[in-house]
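Please have a look at the model first.

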Amino acid sequence: GEGCVPGGIPNPADALDETKVGVAAKFVPVKAGEFEMGSPTDEEGRFSFEIQHRVRLTKGFEMQATEVTQLQYVLVTGGNPSRLKGKEDCGEGEHKKVLAAEVCVSNPVEMVSWDDAQSFIARLNQIQDKYTYRLPTEAEWEYAARAAGAVSAAYTGDIDASAWYYGNSGGRAHAVASKQRNPLGLYDM
């Protein structure tokens, strides 16, 4: 059927069910620690305003293993703002209609503003009371992207192996978790 539960009407809580949305429903613990935030002067892609400075994260946190997928976003909000959601944008068998919205089930949701992300999180917090969800801080995200203190943002040494970007994406979105994960177990960082 078109939905994710019997009767075709998805439950918003399905967005957090690994059997329904796959690895995107996993959360990865990130331990507290210290790191040099910002880019070293010799790092490719560095902006001149990125002055490195020592940051200490005093509390551990958890991050979703992948970006929020289009399926997750639709299950929670009922809509899909993504530009890349047509059949031609999806991998084989990934294009579906859920709640009358077209989705590429495993592709990341895109075209989401900060306000949209806050609304998504508020709705997540309304549909369950086991956890409290929020966006990571800039420091938390960079710490996790640098694999909890690694010196380089490209932790594998091979960005093609770990990320989709302009140079290897073929101009389209790709399913989350289709590249190597970082040492923390996070994808697409």
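This is a predicted model: local features need pLDDT of at least 70, side-chain atom pairs count only at pLDDT 80 or more; totals for chains, interfaces and linings use all residues.

Residues are numbered from 1 along each chain as its sequence is written, and side-chain values use heavy atoms, leaving out hydrogens and water.

**Helix 2 and helix 3**

- Helix 2 (residues 70–77) packs on helix 3 (residues 114–127) at an angle of about 65 degrees, and their axes are 9 Å apart.
- That makes helix 2 roughly perpendicular to helix 3 (65 to 115 degrees).
- From helix 2, Q72, Y73, V76 and T77 meet D116, F120, R123, L124 and I127 of helix 3 (contact means heavy atoms within 4.5 Å).
- Sorted by class, this contact has five nonpolar, two polar and two charged residues.

**The largest pocket**

- The largest pocket holds about 1000 Å³ of space (a pocket is an open set of points on a 1 Å grid where a 1.4 Å probe fits, with protein on both sides within 12 Å along at least five of seven lines; lining residues have an atom within 4 Å of a point).
- Q64, V68, R134, L135 and P136 are the closest to its centre among the 30 lining residues.
- Strand 4 (61–64), helix 2, helix 3 and helix 4 (138–145) each give two or more residues to this lining (helices are DSSP runs of H or I with at least four residues, strands runs of E with at least two).
- The lining divides into 20 nonpolar, five polar and five charged residues.

Terms used: Axes are lines fitted to C-alpha atoms, for helices over the stretch in contact, and angles run from 0 to 180 degrees between N-to-C directions. Angles under 35 degrees count as roughly parallel, over 145 as roughly antiparallel, 65 to 115 as roughly perpendicular and the rest as oblique. Ala, Val, Leu, Ile, Met, Phe, Trp, Tyr, Cys and Pro count as nonpolar, Asp, Glu, Lys and Arg as charged, and the others, Gly among them, as polar. Grid points are joined across faces, edges and corners, and a volume is the space filled by probe spheres set on the points.
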